[in-house]
Amino acid sequence: MMPTMEEGDIPGHEPMGEVVEVGAGIKKLKLGDRVVVPFTIACGCCRFCRMGLTSLCDVSNPNAELAKKAMGQSPSALFGYSHMLGGIPGGQAQYLRVPYGDVGPIKIPDELSDEQVLFLSDVFPTGYQAAENAQIQAGDTVAVWGCGPVGLFAIKSAWMFGASRVIAIDGVPERLEKARTWGKAEIIDNTKEHVQQRLMDMTGGQGPDSCIDAVGTEAHGSGTLDAVIDRAKVAVKLGTDRPHVLREVIMCCRKGGTISVPGVYLGFLDKIPFGALMNKGLTVKTGQTHMHRYLHPLLEKIHAGEIDPSFVITHVVSLEEAPKMYKTFRDKEDGCIKVVLKPHAA
Ligand SMILES: NC(=O)c1ccc[n+]([C@@H]2O[C@H](COP(=O)([O-])OP(=O)(O)OC[C@H]3O[C@@H](n4cnc5c(N)ncnc54)[C@H](O)[C@@H]3O)[C@@H](O)[C@H]2O)c1
Ligand SMILES: [Zn+2]
């Protein structure tokens, strides 16, 4: 669904690896260092980087003019993503060139395994920022739509920010099970239950204090009319997105509550109940993750044993097997939640 991706692009923006070559200006990294590379590319110097808003870096996107046409201003470049956001070759490859090499990569201590730290590259900080953006107060009820890797890390992080209840919503049994067992969340199966009704029942008719949309534009709607229309419009290119979850989140959130949207949306969204959003006085926080500010604090949490992100891995395969695994992942076959590709495995 992502516009401005082209045949031959190298995807992948959750990379780690060993430094095998450095540019002349690099001071902090040396050959042999084991590093995790964050997916947002930032210069470290511009106004936005200095404010800590590194996913909004003003200079890293070489195709900024294209992004400005679509969005007014350009966010940062991202690895292995669309040409609008840089067309920078990604990490599903034997080698990766890392622009601003002294700004992004974080060195990993020897005692931690690759699997423990790999998701510092994206989904752990993304789930964490989603929970931070949810403005959770001690004792709050937090609902998280989507129990993919981002949703699962948002669930785990919501507890870290002081939630007293976390409710997870998805329609895939093994993902709901991970949310229940690893995430200690109460669960709602959106393919079997009316989500809004159930949430109202669970919260005394008020709705959750914070709602996190960790689904984004590829939402499934379990046959609801709005979702059927979205699907038809996107198929014939009359629509850009399938924002069923965003609509539901706005309708479910308690008055005066906060909506956090880590889920990615692409263009111009149809039938968003903005009247409900405005009249209920909701706050919305969103964005690509400002990766650089989370790398060190979250590495410390892993090091201290507070969290082991490797729980999310269901498949480890060689790079040659990637096309097959993309299909397995898309079709949610074989319990697939998160795949690690090993470029140098035979
Ligand atoms: N903001 C960022 O920086 C950032 C970074 C990484 C990923 N993302 C985005 O976060 C989102 C989630 O990523 P992921 O890797 O976890 O993806 P994923 O595809 O593995 O998970 C999405 C989950 O949403 C569920 N879902 C679909 N329709 C639903 C509905 N109606 N109600 C409840 N759940 C529903 C799916 O069953 C699936 O489990 C994507 O949009 C991704 O692009 C954003
Ligand atoms: Zn910058």
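Reader: What should I know about the numbering and the values before I start?

Author: Residues are numbered from 1 along each chain as its sequence is written, while chains are lettered from A and ligands numbered from 1 in the order in which they are written. Since the model is predicted, local features need pLDDT of at least 70 and side-chain atom pairs count only at pLDDT 80 or more, whereas totals for chains, interfaces and linings use all residues, and side-chain values use heavy atoms, with hydrogens and water left out.

Reader: How many residues surround ligand 1, and which are the closest?

Author: A residue is near a molecule if one of its heavy atoms lies within 4 Å of it. Here 28 residues surround ligand 1, the closest being Asp170, Arg175, His220, Pro262 and Thr289. This shell divides into 13 nonpolar, 11 polar (Gly counts among these) and four charged residues (Asp, Glu, Lys or Arg).

Reader: Which elements supply at least two residues each to the shell around ligand 1?

Author: Helices (H or I, at least four residues) and strands (E, at least two) are DSSP runs, numbered from the N terminus. Helix 5 (149–160), strand 7 (165–170) and helix 9 (244–252) each supply at least two residues of that shell.

Reader: Where do polar side chains meet ligand 1?

Author: A polar contact is a pair of N or O atoms within 3.5 Å. An oxygen atom of ligand 1 is 2.9 Å from a side-chain N or O atom of Arg175, a polar side-chain atom of Gln288 lies 3.2 Å from an oxygen atom of the ligand, and a nitrogen atom of ligand 1 is 3.3 Å from a side-chain N or O atom of Asn190.

Reader: What is the order of the six strands in the open sheet?

Author: Two strands pair if DSSP finds at least two bridges between them. The order is 8-7-6-9-10-11, with parallel pairing. Strand 8 (186–189) and strand 11 (283–286) stand at the edges with a single partner strand each, so one side of each lacks a neighbour in the sheet. Within this sheet, four bridges join strand 6 (141–145) to strand 9 (210–213), and Val142 stands opposite Ser210.

Reader: Which strands make up the open sheet of three?

Author: This antiparallel sheet has the order 1-2-5. Strand 2 (34–36) and strand 5 pair over two bridges, and the bridge partner of Val36 in strand 5 is Ile106.

Note on methods
A polar contact is a pair of N or O atoms within 3.5 Å; within protein, one must be able to donate a hydrogen and the other to accept it, and residues adjacent in sequence count only if both atoms are side-chain atoms.
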